[in-house]
Amino acid sequence: MSDTISIKKILGGNARPAGILLKRALPIDLTSAQRATPQLIVETTAGTVELALEAPVAVGDVLLDSRGAFWLVGAAEEDVIAIAGPAPALARLAAALGGEHVPLAVTDDGLLILPGVAPEAWLAGFGVTASAARAAFRPEAPAPMNPVHVHDEHCGCGHDHGHDHAGHDHGHAHAHADHGHHDHGHEHHDHGHKHHDHGHKHG
């Protein structure tokens, strides 16, 4: 195994390369199962790679091998379930799956989930169609349909804004973390909190 390339480091923060160095990084495309496995051997276009990491990786992570070369983690094609249907139905399904912390990805055509995570009959109850497919599964991708919200404060999901669950996998929740109390949190301002400006609508 003398030709095997060893990778033991995930670079983050100030150690992450930028600019032209990142553009020169070698690609290492992994399935979702492989990204969750810190130690394994994979075949790449640059040769056999042995991952000996201390934590799982995500799409977009930069790795450093024993020779000093950079590698950029991508998503490899794998078996998925492709879900299509009207946007409101897909939004309701995304919220339900997000509430169960089921990884999902949003595409131009609908949603992608991994096989076996949800019964077909249950999915059909949302008014969508599901079919087996092969695709790169990137649950980290943002969801363009997140503005279509189906929860509210009465949904019982335990979140003030109701649509945070759908955003856990798609990056939408971060936006509410910054301004949720200004734009979406009026119910908090009408319940007698001891702030001098509560009870007023924000302009």
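The legends below describe close-up views of a predicted model.

View 1. The relative accessible area of Ser6 is 14%. Because buried means under 20%, Ser6 counts as buried. Leaving aside residues up to four places away in sequence, Ser6 touches Glu50, Asp65 and Ser66.

**View 2. The aromatic pair formed by Trp122 and Phe126.** One aromatic pair is present in the structure. Its members are Trp122 and Phe126, whose ring centres lie 4.9 Å apart. The ring planes stand at 75°, so the pair is classed as edge-to-face, the class for planes over 60 degrees apart. Trp122 has a relative accessible area of 36% and is therefore partly exposed.

**View 3. Pairing of strand E7 with strand E10.** Strand E7 comprises residues 77-84, and strand E10 comprises residues 129-136. The two strands run in the antiparallel sense and are joined over eight bridges. Within this pairing, Glu78 has Ala135 of E10 as its bridge partner.

**View 4. Pairing of strand E7 with strand E9.** Strand E7 also pairs with strand E9, which consists of residues 110-113. This pairing is likewise in the antiparallel sense, and three bridges connect E7 and E9. Here Ile83 is placed opposite Leu111 in E9.

Definitions and conventions. Residues are numbered from 1 along each chain as its sequence is written. This is a predicted model: local features need pLDDT of at least 70, side-chain atom pairs count only at pLDDT 80 or more; totals for chains, interfaces and linings use all residues. Side-chain values use heavy atoms; hydrogens and water are left out. Buried means under 20% relative accessible area, exposed over 50%, partly exposed in between (1.4 Å probe, protein chains only). Contact means heavy atoms within 4.5 Å. Rings of Phe, Tyr and Trp (its six-membered ring) pair if their centres lie within 6.5 Å; planes under 30 degrees apart count as stacked, over 60 as edge-to-face and the rest as tilted. Two strands pair if DSSP finds at least two bridges between them. Helices (H or I, at least four residues) and strands (E, at least two) are DSSP runs, numbered from the N terminus.
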